[in-house]
Amino acid sequence: VLTPFTVEIQCPENAIGGIYSVLNRRRGQVSSEEQRPGTPMFTVKAYLPINESFGFNSDLRSQTAGHAFPQCVFDY
């Protein structure tokens with residue numbers, strides 16, 4: 001059984017395409033995407049297999065020009 005990470009990513013609207021690109025390449029599954037009220041920022045929540053998480057932060061940063069801020073948490 002593979003335990004996934006729950007990934008929460010904060011980003012501006014122009015970085016969303018890069019986030020989806022990285023998640024698709026790493027077999028991630030987006031569970032929600034919502035805009036933070038009163039801001040240009042979005043929160044994308046996804047599940048990411050642990051074996052695909054190595055190097056995820058640096059890959060995400062390079063694909064979004066450093067505009068995405070991920071937080072990974074084990075999902076039990």
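Residues are described here as buried when their relative accessible area is under 20%, as exposed when it is over 50%, and as partly exposed in between, with a 1.4 Å probe and protein chains only. The structure is a predicted model, in which local features need pLDDT of at least 70 and side-chain atom pairs count only at pLDDT 80 or more, whereas totals for chains, interfaces and linings use all residues. Residues are numbered from 1 along each chain as its sequence is written, and side-chain values use heavy atoms, with hydrogens and water left out.

Helices (H or I, at least four residues) and strands (E, at least two) are DSSP runs numbered from the N terminus. Four strands form an open sheet with antiparallel pairing in the order β2-β3-β1-β4, where pairing requires that DSSP finds at least two bridges between two strands. Strands β2 and β4 (69–74) stand at the edges with a single partner strand each, so that one side of each is left without a neighbour in the sheet. Strands β1 and β3 pair in the antiparallel sense over 9 bridges, and T6 has Y47 of β3 as its bridge partner.

In helix α1 (residues 16–25), the residues I16, G18, I19, V22 and L23 are buried. They lie on the same side of α1, because they cover an arc of only 160° around the axis, the arc being that of the directions from the helix axis to the C-beta atoms. These buried residues of α1 pack against β1, β2 (29–35), β3 (41–49) and α2 (56–63), contact meaning heavy atoms within 4.5 Å.

A search of the whole structure finds 4 salt bridges, each defined as a side-chain nitrogen of Lys or Arg within 4 Å of a carboxyl oxygen of Asp or Glu. One of them joins the side chains of E8 and K45 (4.0 Å, N to O); E8 lies in strand β1 and K45 in strand β3, so this pair ties together parts that are 37 residues apart in sequence. E8 is partly exposed, with a relative accessible area of 29%, and K45 is likewise partly exposed, at 32% relative accessibility.

A further salt bridge connects the side chains of R25 and D59 (3.1 Å, N to O), linking helix α1 to helix α2 across 34 residues. Here R25 is partly exposed, with a relative accessible area of 46%, whereas D59 is buried, with a relative accessible area of 15%. The side chains of E52 and R27 also meet in a salt bridge (3.0 Å, N to O), and R27 counts as partly exposed at 47% relative accessibility. Salt bridges with shared partners join R25, R26 and D59 into one network.
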